[in-house]
Amino acid sequence: FSHFINQMKEAQVFEHTAIVYGSGMGNSSSHSNRNLPVILAGGGMKHQGHVVCPAEDHKRVPLSNLWLSTLQWFGVEAERFGKSTGTFSPMKLV
C-alpha cells in the first residue's frame, strides 16, 4: 500500500485522488463487521492522522458516515448515505 501511495505521489495525482483501503471484516474468525480497519488517504485533505472511531468504547458508528463525510468534503450536497447517522468532524481541503 505504501508503494502504491508513493507511486501516486510521483505521478502527482495523490492530492487529487481519494484512496480508501480497508476490509469488510474486523475479525475474520467470527465474521464480525465491527471495528473495521479503514485507511483514507490523499484527496487534498488535511488528514488528522490515526483516528479511533468512536472514541467511546461501546458506541457503534456506521462506516457509511465516513462515505457521507467524504461526499460532503468534495462538495456533494448529500444529507444521507446508506445507513449513515451523521458525519465525521470536518477535514479541510489543502
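Select Phe1, Phe4, Tyr21 and Ile39: together they make a nonpolar surface patch of about 380 Å². Keep in mind as you look that this is a predicted model.

Is Tyr21 buried or partly exposed? Its relative accessibility is 48%, so Tyr21 counts as partly exposed; the cut-off for buried is under 20%.

Next, head inside. Select Ile5, Met8, Phe14, Ile19 and Ala41, and you have the largest nonpolar core, five residues in total. Nonpolar side chains tend to be buried together in soluble globular proteins.

Stay with Ile19 and bring up its neighbours. Which residues does Ile19 touch, leaving out those up to four places away in sequence? The list is Phe1, Phe4, Ile5, Met8, Phe14, Ile39, Leu40 and Ala41. Among these, Phe1, Phe4 and Ile39 are also patch members, while Ile5, Met8, Phe14 and Ala41 belong to the core with Ile19.

Time to zoom out and switch to cartoon view.

Finally, colour the whole thing by accessibility. Of the 94 residues, 23% count as buried. The protein exposes about 7,100 Å², with carbon and sulfur atoms supplying 53% of that area. If you draw contacts too, take those with a separation of 6 or more: 38% of them join residues 24 or more positions apart.

Conventions. Residues are numbered from 1 along each chain as its sequence is written. This is a predicted model: local features need pLDDT of at least 70, side-chain atom pairs count only at pLDDT 80 or more; totals for chains, interfaces and linings use all residues. Side-chain values use heavy atoms; hydrogens and water are left out. A nonpolar core is a set of buried Ala, Val, Leu, Ile, Met, Phe, Trp, Tyr and Cys residues joined through side-chain atoms within 4.5 Å. Buried means under 20% relative accessible area, exposed over 50%, partly exposed in between (1.4 Å probe, protein chains only). Contact means heavy atoms within 4.5 Å. Accessible areas come from the Shrake-Rupley method with a 1.4 Å probe; for residues, only the protein chains shown count as cover. Patches are made of residues with over 30% relative accessible area and no salt bridge: like charges are joined within 9 Å, nonpolar side chains (Val, Leu, Ile, Met, Phe, Trp, Tyr) within 5 Å. A salt bridge is a side-chain nitrogen of Lys or Arg within 4 Å of a carboxyl oxygen of Asp or Glu.
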